[in-house]
Amino acid sequence: MAQQRRRGGRHPCPCPRRAALPAAAALLLFLLAAVALLYISPPPLSDHPALASSRRRSVHAPVNSSGGGSSMEESGRREISFSIPRSGSTMVDHLWDSKLASKFYGCSNSSNKFLDSNITTQPDRYLMIVTSGGLNQQRTGIIDAVVVARILNATLVVPKLDQTSFWKDASNFSQIFDAEWFISSLSKDVKIVKELPEIGGKLRVPHRMRVPRKCTERCYLNRVLPALLKKHIIRLTKFDYRLANRLQTDLQKLRCRVNYHALRFTAPIQEMGEKLIQRMRERSKYFIALHLRFEPDMLAFSGCYYGGGEKERRELGALRKRWKTLHAGNPDKGRRQGRCPLTPEEVGLMLRAMGYGKDVHIYVASGEIYGGARTLAPLKALFPNLHTKETISSKEELAPFSKYSSRMAALDFIVCDASDAFVANNNGNMAKILAGRRRYFGHKRTIRPNAKKLYPLFLNRENMSWAAFSSKVHMLQKGFMGEPKELRPGRGEFHENPSTCICEKTDDKTVAKSKSQNDQLLNTESGNAIGVPAVPNHTDEEMGESNTEEEAPAEKEETVDTEVDDDVLFRPEDPELDQILSD
């Protein structure tokens, strides 16, 4: 027994261990069963189908990442859940118009304080301007030139267009715009002549100047008027965005009269544009015009990257070297900040999510698309009825225009202006001018992608149902649809938001829309006539202090000037190509 006790002391009884093993096994089985229940139990019910779908995918995400059969199964589920409906949404009202549009209209008549040009124009003052950039940037210069001539009480010589910059279009003013109508329709506002008159059988040489950007009325009166009084003829070079955004109400309304009424395209351009519109109408009652802006030069200049690997970096990098002043940027940051155009596929997904069906016809206003048919393929899969001016007209019909970039751009402008919905894939000059024009003529549906907020949604779209994706797109696009009062008066470029020229109907009576703080500030209580303008207050920004590279004092400019001298100013390396390329 002693031996047994010693044996027992050296080797404790194993009975407790044998009892612990089944208990541990039972606990392990219980935990395994609990985990299994999480996978085989149905997902929680939800009143929102998209939310329920999202919850199901979040549960299966770890399985999907492990690969194998579960990955294939989950891929199938995800494809089904992100299935894009063929038809448009029946739940979306006013896809093609705004329910509030009938309450607003364009109003650009001058006040009774705005004196006739026969009274204000001084006989020995002539203003010449040389525009810069593509068609729509030049349009802004022409509009502002009329207003500047009015500020200076000068006769305006029909503007000279930019013929040597990026587009190298040799067209003159009268080959794009109806010069006779331009002169006659503005005759009460500003005196305009086609050519500088001779004196004693000789042409006088104009004094060349360049003013800073966003130059105010006071800026022109202080900088340009003294030279004009001395030299009598002033030529303002590279005239783009050289007038302040905020002006007196009557001057803003003059801007609108020039932009929306006086600037008409020539008969050949207008007639061809009408043919394109008619052919779109023959295909569908409603159509979308899309300013895609996905050309190689645009992408290269923006510095954006779209996942094309080394080939894309090499090709766009080579194009980017054209502009020596461009700095290397962060492509991903540009996309996150909404500074890059959406891809054609992203534009298509946005429109489908907003409720436009697969059968909708789209007119694509664009030049050469980077990547060609391959890049457009995803958009064409979403909207098979894609058209361009080249696909709905013959080469013979386009022959008078095809060699001139501004005339081709004018055709796109006409079709986009007449479209039932206009989509601008960037915030360049054409987009801004058309947005303002469509506001002025009845707030026609104008869609600007909220690129900054849409980009992360596109990245994450595979993790949500189509219903959830569509709902988020609708939410993010509020405020980007061209609705009345979407922008506060005075916000943004005046060409995009001509709030001074939009009036509202209230109780069957027409009342002017509330003036912006700027209008209240610039209109003096004394009510001076525009012919003898008061000197308004101005900001440093409007005086152009930020534009250091061009703010050379007026007295340093040479008085001797030739056509060649002006044209030399338009070099591809110009640091303001962000405005030029945004056309």
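**Close-up views of a predicted model**

**Figure 1. Surroundings of Ser393.** Beyond residues up to four places away in sequence, Ser393 touches Met272, Leu276, Arg279 and Leu398. The model shown here and in the other views is predicted. Ser393 lies in the loop between E9 and H18. With a relative accessible area of 11%, Ser393 is buried, the cut-off for this class being under 20%. Lys275 is 118 residues away from Ser393 in sequence, and the C-alpha atoms of the two are 8.7 Å apart in space.

**Figure 2. The protein as a whole, for orientation.** The protein contains 26 helices and 13 strands. It has 583 residues, and 49% of them count as buried. Among contacts with a separation of 6 or more, 80% are between residues 24 or more positions apart.

**Figure 3. Packing of helix H18 on helix H19.** Two packed helices are described by the angle between their axes and the distance between the axes. For helix H18 (residues 395–402) and helix H19 (residues 405–418), the angle is about 120 degrees and the axes are 8 Å apart. H18 is therefore oblique to H19. On the H18 side the contact is made by Leu398, Pro400, Phe401 and Ser402, and on the H19 side by Arg407, Met408 and Leu411. By class, the residues of this contact are 5 nonpolar, 1 polar and 1 charged.

Figure 4. Strand E8 (residues 361–365) runs parallel to E9, and 2 bridges join them. Within this pair, Ile362 stands opposite Leu386 in E9. The loop that holds Ser393 runs between E9 and H18.

**Figure 5. The open sheet that includes strands E2 and E6.** Here 5 strands with parallel pairing form an open sheet in the order E4-E3-E2-E6-E5. Its edge strands are strand E4 (192–193) and E5, each of which pairs on one side only. Helix H6 (residues 135–152) packs on the sheet and touches E2 and E3. The direction of H6 makes about 165 degrees with that of E2.

**Figure 6. Strand E2 and its two neighbours.** Strand E2 (residues 126–129) is parallel to E6, and the two pair over 4 bridges. The bridge partner of Met128 in E6 is Arg235. E2 is also joined to strand E3 (residues 155–157) by 2 bridges, again in the parallel sense. In E3, Leu156 is the bridge partner of Leu127. Tyr126 and Met128 lie on one side of E2, with Leu127 and Ile129 on the other; these residues are all buried, and both faces of E2 are covered.

**Figure 7. Strand E6 and its pairing with strand E5.** Ile233 and Arg235 point one way from strand E6 (residues 233–236), while Ile234 and Leu236 point the other way. All of these residues are buried. Strand E5 (residues 207–209) pairs with E6 in the parallel sense over 3 bridges. Arg208 stands opposite Arg235 in E6. Arg235 is also the bridge partner of Met128.

**Figure 8. Helix H20 within the structure.** Helix H20 (residues 429–440) has 12 residues, which at 1.5 Å a residue should span 16 Å. The C-alpha atoms at its ends are 16 Å apart, so the span agrees. Because 12 of the 12 residues of H20 are buried, the helix is largely enclosed by the rest of the structure. The buried residues include Asn429, Lys432, Arg437, Arg438 and Arg439, as well as Met430, Ile433, Leu434 and Tyr440. Just after H20, Gly442 has a positive phi of about 110 degrees.

**Figure 9. Surroundings of His443.** His443 is in the loop between H20 and E11. Its relative accessibility is 3%, so His443 counts as buried. Leaving aside residues up to four places away in sequence, His443 touches Ser98, Ala101, Phe104, Arg438, Gly482, Glu483, Pro484 and Ile502. One of these, Arg438, is among the buried residues of H20.

How values were computed:
Residues are numbered from 1 along each chain as its sequence is written. This is a predicted model: local features need pLDDT of at least 70, side-chain atom pairs count only at pLDDT 80 or more; totals for chains, interfaces and linings use all residues. Side-chain values use heavy atoms; hydrogens and water are left out. The expected span of a helix is 1.5 Å times one less than its number of residues. Buried means under 20% relative accessible area, exposed over 50%, partly exposed in between (1.4 Å probe, protein chains only). Axes are lines fitted to C-alpha atoms, for helices over the stretch in contact, and angles run from 0 to 180 degrees between N-to-C directions. Angles under 35 degrees count as roughly parallel, over 145 as roughly antiparallel, 65 to 115 as roughly perpendicular and the rest as oblique. Contact means heavy atoms within 4.5 Å. Ala, Val, Leu, Ile, Met, Phe, Trp, Tyr, Cys and Pro count as nonpolar, Asp, Glu, Lys and Arg as charged, and the others, Gly among them, as polar. Two strands pair if DSSP finds at least two bridges between them.
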